[in-house]
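Okay, everyone, thanks for coming. Let me put today's structure up on the screen, and then we'll walk through it piece by piece.

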Amino acid sequence: MKIVFMGTPDFAAPVLERLIKEHDVVCVYTKEPKQSGRGNELRKTPVHLIAEKNGIEVRTPKTLRDEEAQKSFKALNADISVVAAYGLILPKPIIEAFPLGCLNVHASLLPRWRGAAPIQRSIEAGDSSSGVTIMEIVEALDAGRMYEKGIVPITKETTGGSLHDSLSVLGADLMSHVLQNFDKITPLPQDESLVTYAKKLEKEEEKLDFNLSAEYLERKIRAFNPFPATYFEYNGERFKILRAKVIDKSAKPAQIIEGKSKLIIACADKALEILEIQRQGKRAMTIDELLRGFEFKTGDMIK
């Protein structure tokens with residue numbers, strides 16, 4: 001097949017690499033390079049770098065809504081477009097530009113978790129599994145027919161980072177299978193009665209609220225690990241929390257139950273024992289490492 005690929009972050013990289021091996025990728029669309037680092041150097045997206053390495057044309061439009069961009073897209077005369085975490089809204093002329101339409105690698109078991117942050121929301125909500133759905137793109141958000149699904153269990157050890165990596169590889173496998181069997185697969189509609197939405201991660205969510213249950217906060221810590229990460233503030237310093245466990249202790253929410261040999265913080269019910277932490281400007285470390293040279297005062301309140 002002649003394919004136009006549209007994607008941006010690390011999640012999309014395995015999908016593109018697989019398509020390059022198995023099909024004719026005629027062009028890649030990705031987000032434009034951004035300035036980053038101390039020198040404000042322009043940094044290309046992971047997808048951009050893969051395309052360049054393989055000699056594939058790369059386009060980085062700021063929008064696909066103008067007529068010129070749409071004409072340029074259609075002129076590629078591909079069979080199908082494949083999308084994986086692209087980051088731009090696709091208008092109808094783009095969706096319908098090629099004979100076989102437009103397929104998306106979506107990181108959830110649709111119709112559960114349509115929207116921007118399905119990986120984090122599935123862990124945060126306590127789901128027992130997540131997965132990937134290969135779906136057709138339509139104008140409504142993540143509402144297209146489904147070609148194939150693959151399931152990944154969510155365990156007590158699953159983090160946003162580990163689930164991201166598993167789903168990325170699975171997405172490449174599923175997309176490969178769908179394209180190879182495109183004429184044999186009958187896409188199925190989604191059950192609208194089962195739809196849930198994975199809202200965008202907001203900055204204010206990163207701060208831990210110890211007035212909530214310990215079970216929920218433990219899931220949230222894993223969901224937001226490694227990015228964007230949760231945190232609390234103590235004595236004017238911000239501490240990122242990367243791993244914790246629920247223990248059966250209680251006190252006033254946000255009170256430090258123990259802070260010398262362990263760090264235990266009370267929640268609305270039960271408590272969290274912090275296992276992995278990161279001080280501002282420092283590397284991540286176990287709580288044992290931190291407490292060798294730092295002490296949280298028992299009875300103090302966490303902000």
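Let's start at Pro228, which you'll find in the loop between helix H7 (214–223) and S12. When I say helix or strand, I mean DSSP runs, H or I over at least four residues for helices and E over at least two for strands, numbered from the N terminus. Before going on: this is a predicted model, where local features need pLDDT of at least 70 and side-chain atom pairs count only at pLDDT 80 or more, while totals for chains, interfaces and linings use all residues. Residues are numbered from 1 along each chain as its sequence is written, and side-chain values use heavy atoms, with hydrogens and water left out.

Back to our proline. Is Pro228 buried or exposed? Pro228 has 14% relative accessibility, so it counts as buried; the cut-offs are under 20% relative accessible area for buried, over 50% for exposed and partly exposed in between, using a 1.4 Å probe and protein chains only. Setting aside neighbours within four places in sequence, Pro228 is in contact with Leu201 and Glu206, where contact means heavy atoms within 4.5 Å. There's also Lys203, 25 residues away along the chain, with 8.5 Å between its C-alpha atom and that of Pro228.

Okay, zooming out. The chain has eight helices and 17 strands, and its C-alpha trace spans about 65 × 50 × 30 Å along the principal axes. Of the 303 residues, 50% are buried. If you take contacts between residues at least 6 apart in sequence, 64% of them join residues at least 24 apart.

Now the inside. A nonpolar core here is a set of buried Ala, Val, Leu, Ile, Met, Phe, Trp, Tyr and Cys residues joined through side-chain atoms within 4.5 Å. The largest one has 41 residues, and those with the most contacts inside it include Phe5, Val15, Leu19 and Met175. Which helix gives the most to this core? That's H6 (residues 160–180), with eight residues. If you click on Val15, you'll see that it touches Phe5, Val82, Ala84, Val105, Ser168, Gly171, Ala172 and Met175, not counting residues up to four places away in sequence. Apart from that core lies another, of 25 residues, among them Phe210, Tyr234, Ile274 and Ile287.

Next, helix H2, residues 46–53. Its buried residues are Val47, His48, Ile50 and Ala51. Looking down the axis of H2, they fall within an arc of 165°, so they line one face of the helix; the arc is that of the directions from the helix axis to the C-beta atoms. They pack against strand S1 (2–7), helix H1 (13–22), strand S2 (24–29) and strand S5 (58–59). Take His48: it has 7% relative accessibility, so it counts as buried. Beyond its neighbours within four places in sequence, His48 is in contact with Thr30, Pro33, Val58 and Thr60. And just after H2, Gly55 takes a positive phi of about 70°.

Last stop, the aromatics. How many aromatic pairs does the structure hold? There are 11, counting rings of Phe, Tyr and Trp (its six-membered ring) with centres within 6.5 Å; planes under 30 degrees apart are stacked, over 60 edge-to-face and the rest tilted. Tyr29 and Phe73 have ring centres 5.3 Å apart and planes at 70°, so that pair is edge-to-face. Tyr29 lies in strand S2 and Phe73 in helix H3 (residues 67–74), so the pair ties together parts that are 44 residues apart in sequence. Phe73 has 0% relative accessibility and counts as buried.

Then look at Tyr234 and Phe296: their ring centres are 5.0 Å apart and their planes at 50°, so this pair is tilted. Both belong to a cluster linked by ring pairs, along with Phe210, Phe232, Phe239 and Phe294.

One more thing to find on screen: the charged end of Arg238 sits over the ring of Tyr231, 3.7 Å from its centre. For that I need CZ of Arg or NZ of Lys within 6 Å of the ring centre and within 35 degrees of the ring normal. Lys220 has its charged end over the ring of Phe224, 5.5 Å from the centre.
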